[in-house]
Amino acid sequence: MFENKYKEAYDAIVPSQELVEKLIGQARAGKLKRKKSWFVPKAAVAAAAVVVCLVTAVPVCAAHIPAFYRIVEYLSPALADHLVPVEKSCTSQGITMQVEAINLVENEAQIIISMQDVQDSTQDLIHGEIDLFDSYGLSDYVNDSVVGGCQFLTYDAVEGKAYFQVSVQSDHAYEAGKLKFWVNSVLCDKSEETRDVDLSETVYSANTKQVKPSGSGGLISEEMLPDSMWVLPATDENPIPETNVLDGLVAANCAADDFTVTGMAYMEGVLRVQICMGDTWKSDRHVELFLRDPDGNERYSDRSVSWHEEVGETSYHFYEFWYIEDIEEISDYSMYGIFHNAGQLIEGDWNVTFRLESY
Amino acid sequence: MDSMRREKRVKKMNTIKRMKRPKAQYAEAIYEEVIRRNSDMVYRLAYSLVKTRADADDIFQEVFLRYMQNEPVFQGEEHEKAWFLRVTMNCCKNFWKSPWMRRRVALEREEMEQCGFFCELDDDSAALVDAVKQLSKKYRIVIHLFYYEELSIEEIAKLTNAKASTVRTRLTRARRQLRSLLKEELRTFAE
């Protein structure tokens with residue numbers, strides 16, 4: 001569906017006939033061959049210019065352009081133009097957080113921050129991609145951020161710094177003046193591994209059970225699925241909506257710190273693959289599952305649903321992925337997943353207060 | 001001097017690839033054929049990456065200029081396609097790095113909101129193209145190569161000098177971002 005829509009949209013994007021004809025006309029006339037300078041090759045001029053620039057400008061540039069700026073300018077020149085340097089830091093749990101720069105406009109802000117191990121520290125917590133685990137915010141005297149997003153930018157191995165772009169939004173415009181940015185936890189040792197998922201376990205008839213979903217979504221709307229898979233609306237007797245999922249392996253038989261495939265079935269034209277992520281309360285464990293058809297085409301699920309099952313103190317997070325597919329022989333298909341895991345959650349108190357005169 | 005050098009180079013390429021370069025009198029006809037065969041593909045990728053029609057026009061001309069300047073000998077259709085896709089991406093990267101580009105990014109949105117191709121697109125398609133434009137460059141590349149050019153993950157990895165797993169992750173993240181940007185529209189698409 002999406003593929004078709006994408007193609008349809010981009011089919012309309014073609015060069016103008018005039019442009020193509022002009023190009024062909026120039027090619028015929030031999031005008032498109034680049035003329036080379038007879039006197040001094042351009043490359044030599046460029047090289048000389050570079051040498052002059054290096055000799056005269058690099059020491060000045062190095063002293064005045066912070067490392068974060070080069071990164072942001074590369075990734076988002078538009079944002080780089082609007083950033084106001086802050087460069088204030090705070091250390092907690094052996095990790096230094098630095099607010100590098102901010103772009104604040106009314107109730108929205110983009111903040112560039114970095115995290116690194118304290119200098120001369122023997123610990124090696126920040127050595128690649130990390131995650132802020134949705135534990136950050138920006139506040140002024142009266143206002144707190146209410147929604148936000150965090151994007152890992154890059155890890156600078158030379159400096160040992162992990163850079164992030166945090167975007168936050170509050171209900172009301174921030175007042176210029178004193179602002180505080182804070183982070184409460186950092187998820188280290190993020191890893192990802194590609195593993196095959198054995199579809200030979202797929203059954204063609206299975207019992208289902210009703211669960212209270214904590215989330216559901218996908219590229220297609222629910223109406224595309226068989227009726228039996230729709231979320232059951234809330235009623236007076238049952239105030240929380242429920243949905244039918246495979247009655248697979250129960251939480252007590254799943255690993256709390258790893259992934260477990262708990263069910264797999266092909267029913268009513270839908271391949272359903274259920275996976276337990278274990279206890280995700282203190283990790284960002286998640287998976288991206290890809291179905292490969294007999295022609296080798298790979299695709300993501302059409303929809304998925306997630307829910308929790310409790311065993312004692314532990315909450316197990318389950319996902320069921322749904323693929324609408326006309327499958328004749330399951331053996332013609334294969335599946336693999338990119339399994340994301342995070343090893344260590346470090347809770348701390350990183351907060352930086354800084355002044356922003358105006359914006 | 002230049003022509004001697006080029007002749008030597010062409011001779012070397014022909015020897016290595018065991019293919020014969022067309023005689024000069026046929027060269028223009030071949031240029032025309034190659035331009036016509038690849039023009040839409042080059043332009044679409046350029047537009048998808050640089051986001052404005054004027055810039056896509058520049059990239060388009062630069063790509064074919066390089067083609068005629070370098071006179072590559074293609075070993076088949078796939079090789080030709082891969083060459084044009086890679087050169088288009090390289091031209092776009094050079095374009096992004098140019099100081100000119102850095103000074104005019106803020107104007108993009110204005111142009112997007114003006115007419116351009118959007119007048120020719122229906123609402124759904126315009127929303128989709130607009131959403132794709134909001135993705136970062138690395139995501140736009142994989143989305144376009146995967147969905148429009150129908151390249152496999154491995155082919156995209158080879159073209160972009162990235163690991164297959166990286167491409168896969170970018171594709172997934174791009175889809176996820178598109179999904180959130182197109183919440184309402186996707187519902188309409190699905191229906």
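User: What are the distance and the crossing angle between the axes of helix α8 and helix α9 of chain B?

Analyst: In this predicted model, the axes of α8 (residues 137-148) and α9 (residues 153-160) of chain B come within 10 Å and cross at roughly 135°. Axes here are lines fitted to C-alpha atoms, for helices over the stretch in contact, and angles run from 0 to 180 degrees between N-to-C directions. Helices (H or I, at least four residues) and strands (E, at least two) are DSSP runs, numbered from the N terminus. Residues are numbered from 1 along each chain as its sequence is written, chains are lettered from A in the order in which they are written, and local features need pLDDT of at least 70.

User: Why are α8(B) and α9(B) called oblique to each other?

Analyst: Angles under 35 degrees count as roughly parallel, over 145 as roughly antiparallel, 65 to 115 as roughly perpendicular and the rest as oblique; the axes cross at roughly 135°, and α8(B) and α9(B) are therefore oblique.

User: What makes A:Y163 buried?

Analyst: A residue is buried if 20 or more other C-beta atoms lie within 10 Å of its own, exposed if 12 or fewer, and partly exposed in between; A:Y163 has 23 such atoms and is therefore buried. A:Y163 lies in strand β6 of chain A, and beyond its neighbours within four places in sequence A:Y163 is in contact with residues including A:F68, A:I71 and A:L153.

User: Why is one side of β1 and of β5 of chain A left without a neighbour in the sheet?

Analyst: Five strands of chain A form an open sheet in the order β1-β2-β3-β6-β5, with antiparallel pairing. β1 (84-92) and β5 (145-156) stand at its edges, each with a single partner strand, so one side of each has no neighbour in the sheet.

User: How do you know that β2 and β3 of chain A pair?

Analyst: Two strands pair if DSSP finds at least two bridges between them, and 10 bridges join β2 (residues 95-105) to β3 (residues 108-117) of chain A, so this pair meets the criterion. A:N103 stands opposite A:Q110 in β3(A).

Technical notes. Predicted model: local features only at pLDDT ≥ 70, side-chain atom pairs only at ≥ 80, totals over all residues. Contact = placed C-beta atoms within 7 Å.
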